[in-house]
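Subject: Structure handover

Hello,

Here is the structure we talked about handing over. Please look through it first; my notes on what was found follow below.

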Amino acid sequence: MVPSWAEMVEAKFIISSISSLLTSLYHSFSFSLAFAAALLGGFSHSRLFRTVREEKSLAYSVGCFTDRATGWVFGDAGVEPANVRQALEVILNQIREVRLGRFTADEFAKTRAGLHQGLRRLADLRAAQIDGHYEEGLLGRTFTRRAAL
């Protein structure tokens, strides 16, 4: 039995084609794509968090992440069923804005600082180092902290 909208407490949807909406380079991982994804939905200062959650109050959670193995960017949001269409409209608008380069120097700087901090933190975690070596072997390419920074 499929629940009706009225029975649902929260709708969770995933956008799996953000990569192609942000750039035509979705066939392979790139640091610029990862940066765009972080700017869009990787931090509390990101576009999706600020607009969808804070300004419009359309979602309990919203964000996006990059899968290095596929080069895809995935977005997700937890919203009330009545707000799904409006939330999706705002999310797609923010994707277009980022794709067109319409973001501030402050957003850029905060995203860059957040990514740097995350990379430094990962360098201290043994499990992350092992995971990185595993991915390098599996994918046949090397991801270095220096290249990312």
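A salt bridge here is a side-chain nitrogen of Lys or Arg within 4 Å of a carboxyl oxygen of Asp or Glu. Please keep in mind that the model is a predicted one.

Salt bridges

Side chains of opposite charge can pair when their charged atoms come close. A search of the whole structure turns up five salt bridges. One of them joins E107 and R50, with 3.0 Å between the closest N and O atoms. E107 belongs to helix α5 (residues 105-123) and R50 to helix α3 (residues 47-55), so this pair ties together parts that lie 57 residues apart in sequence.

Another salt bridge is formed by E54 and R53, whose closest N and O atoms are 2.5 Å apart. E54 is partly exposed at 44% relative accessibility, and R53 is partly exposed at 31%.

K110 and D106 meet in a salt bridge as well, at 3.3 Å from N to O. Both residues lie in helix α5, four residues apart, which is about one turn of the helix. K110 has a relative accessible area of 41% and is partly exposed; D106 is partly exposed too, with 44%.

The chain as a whole

How many helices and strands does the protein chain have? Its secondary structure comes to seven helices and three strands. Starting at the N terminus, the order of the elements is β-α-α-α-β-β-α-α-α-α.

The protein chain has 149 residues, and 35% of them are buried. As for contacts between residues at least 6 apart in sequence, 67% join residues that are at least 24 apart.

Helix α2

Is helix α2 largely enclosed or largely open? Nine of the 11 residues in this helix (residues 31-41) are buried, so α2 is largely enclosed by the rest of the structure. The buried residues are L33, A34, F35, A36, A37, A38, L39, L40 and G41. Buried, in this count, means under 20% relative accessible area.

Two further positions

C64 sits in strand β2 (residues 61-67). With a relative accessibility of 10%, C64 counts as buried. Along the chain C64 and G75 are 11 residues apart, and their C-alpha atoms are separated by 4.0 Å.

A87 is found in helix α4 (residues 84-99). At 0% relative accessibility, A87 counts as buried. From A87 to R53 the distance is 9.1 Å, C-alpha to C-alpha, and the two are 34 residues apart in sequence. R53 is the residue that forms the salt bridge with E54 described above.

Regards

Note on methods. Residues are numbered from 1 along each chain as its sequence is written. This is a predicted model: local features need pLDDT of at least 70, side-chain atom pairs count only at pLDDT 80 or more; totals for chains, interfaces and linings use all residues. Side-chain values use heavy atoms; hydrogens and water are left out. Buried means under 20% relative accessible area, exposed over 50%, partly exposed in between (1.4 Å probe, protein chains only). Helices (H or I, at least four residues) and strands (E, at least two) are DSSP runs, numbered from the N terminus. Contact means heavy atoms within 4.5 Å.
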